[in-house]
Amino acid sequence: MTDKLLNEIKEIYPFTPCDAPEFDAFNLAGMDFTTQGWKAEGLGQVSLMKASGMGGTMGMTSLIVNPLDIDAPLFNLDVISLPGKKMLYMELYDTLLTARRNEGLFAAIRDEYADITDIPGKPCWYDDIRYGASVTKCAGAGREGRLNELISRFGEEYLNLLKDARCCDPAAKKEKADAYRDGLLAHGGPATDAFLKVWGKEKTGKLFKEVLFG
């Protein structure tokens, strides 16, 4: 479903690949990673990161959409596959300049999938900008279809939001978005901590700035 959403974004916005061969493929903490980043004309930065490990029994795909040309929230989608289950982190972050933060439609979609087990969250430094309508789910074997349906509907609503978003000052928007990116480097996060532990802040920051967030 992540690739499907990425292709739908590519159909709307012209993509130019980022030149960061250092991060095309690498190994970190026993996991094999590949990353791709693009400048999306009229949108901002888009990136895809994939990882596999444990003899192929564990996989992770992460899609980040960081709108820098339009006044829309940052979107982060992580799908983690483990034996017998899939975990989903689908989150929106308030990097808005003047646009109204509207969570209603996303919350309504989330609530329709209350039958999929929620993953309990812990207090984090970014809680004030993370949308309450964000989704964290764990689906057992046989429930992948239901989880994919949730990803599809939430993703389509985000695409609609992008289409309706207004153009904004890219410099001011990037400053707002960079505060979240740099906050991850300073304070960490679930997906960031492993990079900081192995690589440190400088190299992790290079990955974040050249590929993942722009």
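Student: Which residue in β9 is the bridge partner of Lys86?
Tutor: Strand β7 (residues 85-93) and strand β9 (residues 135-140) pair in the antiparallel sense over 6 bridges. Strands are DSSP runs of E, at least two residues long, and helices are runs of H or I with at least four, both numbered from the N terminus. Two strands pair if DSSP finds at least two bridges between them. In β9, Lys86 has as its bridge partner Ala139.

Student: What is the mean pLDDT of the protein?
Tutor: This is a predicted model: local features need pLDDT of at least 70, side-chain atom pairs count only at pLDDT 80 or more, and totals for chains, interfaces and linings use all residues. Residues are numbered from 1 along each chain as its sequence is written, and side-chain values use heavy atoms, with hydrogens and water left out. pLDDT is the predictor's confidence in each residue, from 0 to 100. Here 100% of the residues reach 70 or more, and the mean is 95.

Student: Which element has the highest mean pLDDT?
Tutor: Helix α1 (residues 2-12) has the lowest mean, 94. The highest, 98, belongs to strand β1 (residues 15-17).

Student: Which residue in β9 is the bridge partner of Asp118?
Tutor: Strand β8 (residues 117-118) also pairs with β9, in the antiparallel sense over 2 bridges. The bridge partner of Asp118 in β9 is Lys137.

Student: How many residues of strand β4 are buried?
Tutor: Buried means under 20% relative accessible area, exposed over 50%, and partly exposed in between (1.4 Å probe, protein chains only). Strand β4 (residues 44-53) is largely enclosed by the rest of the structure, because the buried share of its 10 residues is 8.

Student: Which residue takes a positive phi in the hairpin of β4 and β5?
Tutor: β4 runs antiparallel to strand β5 (residues 58-67), joined by 10 bridges. Gln45 stands opposite Asn66 in β5. The hairpin has 4 residues between the strands. The positive phi, near 55°, is taken by Met54.

Student: Which residue takes a positive phi in the hairpin of β3 and β4?
Tutor: Strand β3 (residues 31-40) and β4 pair in the antiparallel sense over 9 bridges. Asp32 stands opposite Ser52 in β4. With 3 residues between the strands, the positive phi near 85° falls to Gly42.

Student: How far apart in space are Val79 and Met1?
Tutor: Val79 sits in strand β6 (residues 74-82) and is buried at 12% relative accessible area. Beyond its neighbours within four places in sequence, Val79 contacts (heavy atoms within 4.5 Å) residues including Thr2, Gly59 and Ile151. Val79 and Met1 are 78 residues apart in sequence, yet their C-alpha to C-alpha distance is 9.3 Å.

Student: What is the angle between the planes of Phe26 and Phe33?
Tutor: Rings of Phe, Tyr and Trp (its six-membered ring) pair if their centres lie within 6.5 Å; planes under 30 degrees apart count as stacked, over 60 as edge-to-face and the rest as tilted. The structure holds 17 aromatic pairs. Phe26 and Phe33 are stacked, 5.1 Å centre to centre, with an angle between the planes of 10°.

Student: How far from Cys138 is the nearest cysteine sulfur?
Tutor: A disulfide is a pair of cysteine sulfur atoms within 2.5 Å. The whole structure has 0 disulfides. Cys138 is in none, and the sulfur of Cys124, the nearest, is away by 20 Å.
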